[in-house]
Amino acid sequence: MDDTFIPYGRQSISEADIQAVVDILRSDFLTQGPAVEHFERSISDYCGVTYAVAVNSATSALHIACLAAGLGSGDILWTSPNTFVASANCGLYCGASVDFVDIDPNTYNMSTTALETKLIKARLAGKLPKVLIPVHFAGQSCDMARIAELGREYGFTVIEDASHSIGGKYLVEPIGNCRYSDMTVFSFHPVKIVTTGEGGMVVTNSKDLHEELVRLRSHGITRDPALMEGDNNGAWVYQQVELGFNYRMTDLQAALGTSQMNRLDDFVARRHDVAESYNQQLSGLPLILPRQNTYAYSAFHLYVVRIDTAKTGITRRQFFDAMRNAKIGVNVHYIPVHTQPFYRKMGFSEGMFPEAESYYEDAISLPMFASMTEQQQERVIKTVRSLLTK
Ligand SMILES: *Cc1c(COP(=O)(O)O)cnc(C)c1O
């Protein structure tokens with residue numbers, strides 16, 4: 001039997017992807033050029049959104065999205081504790097403070113009940129958030145209609161962290177159409193659904209946000225005469241009108257991204273097949289399998305199971321170590337952000353977000369990627385079954 005290491009996630013690269021990158025190497029542009037515009041259009045067309053701004057990572061995308069939302073010192077950003085640290089760090093980059101909203105115990109997404117309770121208290125205390133970042137955990141959409149309703153009532157900007165969920169749907173429409181948010185962010189890291197090596201994107205339907213995002217991506221520089229001051233004669237003139245960054249994506253990355261987008265629906269369909277096999281073949285074991293809300297069609301970035309400790313003697317730690325010993329790359333998503341040492345130093349501690357903490361105690365991500373073979377999945381299932389039926 002094949003016993004090479006099976007990762008929890010990995011990219012799927014075709015000959016067409018390789019050719020697309022080689023073509024760029026032979027072209028006039030290496031960094032942000034026509035291929036970036038082409039990639040932006042492929043994403044905005046797919047999502048049914050007006051504008052797309054490609055950048056060098058989702059972390060950069062979250063940063064400039066927060067800045068474009070006007071987030072700054074004295075402001076507050078709320079996100080989920082069950083996410084990668086980048087969803088929270090973007091608030092700190094802007095000089096704002098960060099807080100969290102506990103998760104729903106069924107979907108592991110931000111709980112809209114917890115959100116409403118926290119908003120009521122925050123209004124009384126005069127500490128309402130300026131920006132809310134719901135994270136579509138594992139690829140499953142949050143309850144966006146409710147979040148948008150609360151956004152209107154309490155006046156915050158909504159930035160969806162859709163790093164896990166390109167190709168997923170909410171109420172039959174693509175995640176990223178921004179019908180229920182101001183901006184949506186995607187990641188193209190190799191473990192995500194489609195990849196550019198490193199890369200990210202902000203999408204929006206707002207012309208003003210789009211213009212701001214484009215400037216922030218490249219040093220705060222504009223070439224638009226309408227935005228310039230004083231003498232702006234001469235085709236060479238550009239003006240820096242605010243402080244931006246070099247967050248540009250290269251044409252090499254963008255060409256890979258556009259080529260990958262041709263297979264996005266196939267990738268997600270394949271991930272659903274993998275999830276369906278797991279669902280069938282792991283049922284009846286002392287595991288809590290992923291639960292899907294009726295409004296969501298997940299992109300299935302992750303397949304997370306929870307060890308049902310009431311029904312088995314094996315701990316998550318023992319299960320994790322045994323899987324890794326069998327060369328199966330399980331992982332844990334996520335260590336609650338507020339329990340990270342850096343966040344503890346800001347005053348966060350265990351007990352503050354109990355649902356996220358108790359989920360974290362027994363969660364484990366099984367290998368899930370579009371290029372996973374049936375043999376690989378069989379090996380994962382066999383190993384899980386043998387560990388849990390002893
Ligand atoms: C991967 C990820 C990010 C960061 O993405 P990069 O492209 O690596 O910067 C942010 N948020 C979530 C939820 C992620 O999973």
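This is a predicted model: local features need pLDDT of at least 70, side-chain atom pairs count only at pLDDT 80 or more; totals for chains, interfaces and linings use all residues.
A crossing of two helices is called right-handed if the near helix is turned clockwise from the far one by less than a right angle, and left-handed if the turn is anticlockwise.

The crossing in which α9 passes α13 is right-handed. On the α9 side the contact involves Arg270, Val274, Ser277, Tyr278, Gln281 and Leu282, and these meet Glu374, Gln377, Val380, Ile381, Val384 and Arg385 of α13. Sorted by class, the contact of α9 with α13 comprises 6 nonpolar, 3 polar and 3 charged residues.

Turning to helix α1, residues 15-25, and helix α8, residues 251-261, their axes come within 8 Å and cross at roughly 150°, and α1 and α8 are therefore roughly antiparallel to each other. Here too the crossing, of α1 past α8, is right-handed. Among the residues of α1 that take part are Ala16, Val21 and Ile24, while those of α8 include Leu252, Ala255 and Ser259. The contact of α1 with α8 divides into 8 nonpolar, 2 polar and 2 charged residues.

Finally, the sheet is open and has 3 strands in the order β7-β6-β13, with antiparallel pairing; β7, at 173-174, and β13, at 296-297, are the edge strands, each pairing on one side only. Strand β6, residues 169-170, pairs with β7 over 2 bridges, and Tyr170 stands opposite Glu173 in β7.

Definitions and conventions
Residues are numbered from 1 along each chain as its sequence is written. Side-chain values use heavy atoms; hydrogens and water are left out. Axes are lines fitted to C-alpha atoms, for helices over the stretch in contact, and angles run from 0 to 180 degrees between N-to-C directions. Helices (H or I, at least four residues) and strands (E, at least two) are DSSP runs, numbered from the N terminus. Angles under 35 degrees count as roughly parallel, over 145 as roughly antiparallel, 65 to 115 as roughly perpendicular and the rest as oblique. Contact means heavy atoms within 4.5 Å. Ala, Val, Leu, Ile, Met, Phe, Trp, Tyr, Cys and Pro count as nonpolar, Asp, Glu, Lys and Arg as charged, and the others, Gly among them, as polar. Two strands pair if DSSP finds at least two bridges between them.
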